[in-house]
Amino acid sequence: MNILIDTTHFTCEADIKAKPNDVFLALTKNINQWWTTSADEAAVVETKANFRFGETYNTMLVKKLVENQLIVWECVDQYHADERMSVKDEWVGTLLIWEISPIEKGAHVKFTHQGLTPSLQCYELCNNGWNHFIASSLVSYLETGTGQPFIDSKN
C-alpha cells in the first residue's frame, strides 16, 4: 500500500489480491463490509447513497460507473458531528474517484478524494480515516472476507 498525499487532493493506491470485479462490487454494493455498516448501495448512476457514522453522515451522488474500472461520487450533503470542527459540511462538492485496473495478481486501486486538501479542518481526521478504511479495511475485506467498517449503532 502506497499512501500518496499532495496539497491538491488526498490520494492513495493499493495493489489488492482480488479480481477487478470483486473490487468494483465492494465499492458499489458491499460498502457496508468495509466503510460503515450504515451504507447504501452506490450501484446506479444518478442515485444518492447515504453513509452514516453515528451522527455524522455523507450523501453521495453516483456520477459515473464504468464496470470494473471507474467509480465517481460527488458529495452533495454532509454533516460532520465532530465538535472540534466549526465547518460541518466541508466535503460538499468534493469528488471521490476510484480507478480500478487489473494487475497480474489482482487489481490496482487508485483512490482520489478530489477537494480533500490540508486546508480543510477535517483533513487530519479524514486522512487517518481513509488510510484505515482503504489500507486496512477494504484490502482486508477483499483479501480475507472480513473488513473493519465503522459499526453504526443506529443501523
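Two strands are said to pair if DSSP finds at least two bridges between them. Helices (H or I, at least four residues) and strands (E, at least two) are DSSP runs, numbered from the N terminus. The model shown is predicted: local features need pLDDT of at least 70, side-chain atom pairs count only at pLDDT 80 or more, and totals for chains, interfaces and linings use all residues. Residues are numbered from 1 along each chain as its sequence is written, and side-chain values use heavy atoms, with hydrogens and water left out.

**Figure 1. Strand S4 and its partners S3 and S5.** Strand S3 (residues 38-39) and S4 run antiparallel and are joined by two bridges; here Ala39 stands opposite Phe51 of S4. S4 and S5 also run antiparallel, joined by six bridges, and Arg52 faces Tyr57 in S5 as its opposite residue. In the hairpin of S4 and S5, two residues lie between the strands, and Gly54 takes a positive phi near 65°.

**Figure 2. The two faces of strand S4.** In a regular strand the side chains alternate between the two faces of the sheet. In S4 (residues 48-53), the covered face carries Ala49, Phe51 and Phe53, while Lys48, Asn50 and Arg52 belong to the uncovered face.

**Figure 3. Strands S6, S7 and S8.** S6 and S7 pair in the antiparallel sense over five bridges, and Trp73 has Leu96 in S7 as its bridge partner. S7 and S8 are likewise antiparallel, with nine bridges; Ser101 stands opposite His108 in S8. A hairpin of two residues connects S7 to S8.

**Figure 4. The largest nonpolar core.** A nonpolar core is a set of buried Ala, Val, Leu, Ile, Met, Phe, Trp, Tyr and Cys residues joined through side-chain atoms within 4.5 Å. Buried means under 20% relative accessible area, exposed over 50%, and partly exposed in between (1.4 Å probe, protein chains only). The largest core has 41 residues, and those with the most contacts inside it are Trp34, Trp35, Trp73, Trp91, Trp98, Leu116 and Trp130. Among the elements that give two or more residues to this core are strand S2 (9-16), helix H1 (20-28) and strand S6 (70-79). Helix H2 gives the most, with nine residues.

Figure 5. Contact means heavy atoms within 4.5 Å. Not counting residues up to four places away in sequence, Leu116 touches Thr8, His9, Phe10, Trp91, Thr94, Cys122, Tyr123, Cys126 and Trp130. His113 lies in strand S8 and counts as buried because its relative accessibility is 0%. Leaving aside neighbours within four places in sequence, the contacts of His113 include His9, Phe10, Trp91 and Trp130.

**Figure 6. Helix H1 against its neighbours.** The buried residues of H1 are Pro20, Val23, Phe24, Ala26, Leu27 and Thr28. They pack against S5, S6, S7, S8 and H2.

**Figure 7. The largest pocket.** On a 1 Å grid over the protein atoms alone, a pocket is an open set of points where a 1.4 Å probe fits, with protein on both sides within 12 Å along at least five of seven lines; lining residues have an atom within 4 Å of a point. The volume, which is the space filled by probe spheres set on the points, is about 300 Å³ for the largest pocket. Of its 13 lining residues, the closest to the centre are Phe53, Thr56, His80, Leu125 and Phe133. Strand S5 (56-66) and helix H2 (123-144) are the elements that give two or more residues to the lining, and H2 gives the most, with five.
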